[in-house]
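The sequence and structure are shown first.

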Amino acid sequence: MTRNIIIVGATSGIAQAVARRYAQKGARLFLVAKDPVKVQAVAADLRARGASAVEVFVMDMNDTSRLTAMLQSASQALGRMDLALVAHGTLPDAERARMDVGYLVQQFRTNAESVIACLASLAEHFQTQGSGVLAVIGSVAGDRGRATNYAYGAAKAAVHAFASGLRAQLFRHGVHVVTIKPGFVATQMTAQLDLPSALTAQPDTVAARIEWAIEARRNVVYTPGFWWLIMAVIRVIPETLFKRLKL
Amino acid sequence: MTVEMLGSWGRYPDFPQQRHPVHWREDVPHVLAGMPPGLPVLAYGCGRSYGDSCFAVSDHVLAMAGMDRLVSADWASGLIVAEAGLALAELIHIALPRGWFPCVTPGTKFVTLGGAVANDVHGKNHHVVGTFGRQVRGLTLYRTAEGPVTASPAQNPELFAATVGGLGLTGIILTVELQLRRVLSSDMEQCCVRFDSLDEFFDLSSAHDRNFEYTVAWIDCMAEGRNSGRGLYVGGRHAERGELRVEPPNSLRFPVDPRVSLVNGFTTRAFNALYYRRQLRKKVSRRVRYGSFFYPLDHVSSWNRIYGRAGFQQYQCVVPQSGGREIIRRVLAEIARSGTGSFLAVLKQCGALPSPGLMSFPLHGVSLALDFPQRADVNRSLFANLDALVHGAGGRLYPAKDAHMSAAHFKIAYPAWERVEALRDPRLMSRFWQRVTQ
């Protein structure tokens, strides 16, 4: 039974949808996010939906020096943690990332470094605990660098590789790691993009699968599931051909 | 690539709207600032308005459905505060397991709270509880000149009255404070009675409306002569015991956009005749789930596509009680004579409880709603004849469903429109409002 949950990047669309599902079941939630006003709005929503307790912690995940304080605060609020969901991130402007190295590096820090740092801190805590699930939001974009969004894809690939190693390392300690690879999801992050409507999932659809993956202790899940097939095809296209595609 | 555009439920008129998504209350001014300057915009919810009342003059709308959080909920008293983008479907999902249900719900659960307020929607229990707005305890709005403003029957009462049924023109609705009602079961006790004439409907209605919280009737608008006015009268009430179970989301979807409407004289006649014969006995009482009682059409998503790419128009009118029976008879005769018709013609006795909104649609009288495939020439002449009957009797049309009402008729039917106009946020203007006020 997943009762005590820490959610990092709690104002993201996918994180909110997952949190709502657990709130409805009476979970205790510890929310970490950058924007103090938005995270309070999310906390109020989750309380009204039935969460037995919700606490918030405001921090910019790029400021890794605050991770220790975050974890201390979380374990005070939750005690034993059943689940950590790491969901923060940005969708870099691919065009700008191509022209502006400073921007590219800063985006990579947010989407790769800060996620890895957060996972590492959580891993230490969970290993001591000897139980629990660490879930991290990757992306189908991390499966192969594509011309249209490789800045984002590279960061997510780093997260995938780190999570895969962490899974093997924590396995012996009774801690499970789930890598979640969403496809197109209709959230605030993608609101400005023109996504093909047939391939775009609603946040709650994605959240339902994430909840299932957590409870079933899956290793790597695509959500919606059909992305597994799409990415399997994309991964096997030979590089000679792939570099000619506008994907 | 082109960004997916938003439309209205009737798909007529066709003015694709560019969406500007809003996910947070405090983002409203930023989103507004990013929209074309100087051009009037509008908030857009689930897009269940049928005509042009959900279209901005600029064709740029704030897409509100992503702003869907509860702000607070007192599950002991059933009083909630929620963001305006929360849909009734989601509210029911949260509230029903706790034994609460909206006091008033329209025939679809895919409407946002903001949309329900802006159109002051009503339901099958109008004769008992009145419109949606009567259960609204307060609102917050974002007005471009003033910022966030609170309105309730006690605070800024004129703004509250102008906003309830105010078609989203008085400001961007941010939150809605709403009283829910207790239910002991998610099921409904339904009683369905076949009637053979309009007179019989009115007799049933006056005999049974007091026994059922929810009543509505379907009539066969294609039937002429001896069969004219036949239909089914449905009464319902919340079951007193049973489970509180939320129904899973619908799985059926109307999958294609037919080139021409699949609704035509033949299919409509056949459907209506079959529907009438759905029950052979005079009266059938049974227990049904809340979804099939309140939201039968929600079971097939995108059912509006059945009318093809040209879309359809709904004609919904309400006529005052005195003389209403005769007017409805003449309206139905006019429709039957036109040979065009509707799958479901819905007849409802509305009650006398006053609406809090200045421009709320229901009157104490009889409401009739029908869908017609969009055919410009046929609809124009038919609607002109119907309008003459409705307005001659002191009745009116429903802005949420409308795509044809004339400015002259609107101004007579909604005499308080100028008070709404006086409080309209100058940044907001719908195509409907432009059509009927200018």
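What percentage of the 247 residues in chain A do buried residues make up? The share is 45%. The model discussed here is predicted.

## Chain A: overall fold

The secondary structure of chain A comprises nine helices and seven strands. Its radius of gyration is 17 Å, close to the 18 Å that the globule rule gives for 247 residues, so chain A is as compact as a globular protein of that length.

Taking contacts with a separation of 6 or more, 68% are accounted for by residues 24 or more positions apart.

## Helix α1 of chain A

Helix α1 of chain A runs over residues 13-24 and has twelve residues. From first C-alpha to last, α1(A) reaches 17 Å, close to the 16 Å expected at 1.5 Å a residue. Just after α1(A) comes Gly26(A), whose phi is positive, at about 85 degrees.

Is α1(A) mostly covered or mostly uncovered? It is mostly covered, with ten of its twelve residues buried. The buried residues of α1(A) include Gly13(A), Ile14(A), Ala15(A), Gln16(A) and Ala17(A). Further along the helix, Val18(A), Ala19(A), Arg20(A), Tyr22(A) and Ala23(A) are buried as well. In general, an α-helix has 3.6 residues a turn, so residues three or four places apart point the same way.

## Chain B: overall fold

Chain B contains 13 helices and 19 strands. A compact globule of 438 residues would have a radius of gyration near 22 Å, and the 21 Å of chain B agrees with this. The C-alpha trace of chain B spans about 60 × 50 × 45 Å along its principal axes.

Of the 438 residues in chain B, 52% count as buried. Where contacts in chain B link residues at least 6 apart in sequence, 75% of them join residues at least 24 apart.

Methods:
Residues are numbered from 1 along each chain as its sequence is written. Chains are lettered from A and ligands numbered from 1 in the order in which they are written. This is a predicted model: local features need pLDDT of at least 70, side-chain atom pairs count only at pLDDT 80 or more; totals for chains, interfaces and linings use all residues. Helices (H or I, at least four residues) and strands (E, at least two) are DSSP runs, numbered from the N terminus. The radius of gyration is taken over C-alpha atoms; the globule rule is 2.2 Å times the number of residues to the power 0.38. A residue is buried if 20 or more other C-beta atoms lie within 10 Å of its own, exposed if 12 or fewer, and partly exposed in between; C-beta atoms are placed from the backbone. Two residues are in contact if their C-beta atoms, placed from the backbone, lie within 7 Å. The expected span of a helix is 1.5 Å times one less than its number of residues.
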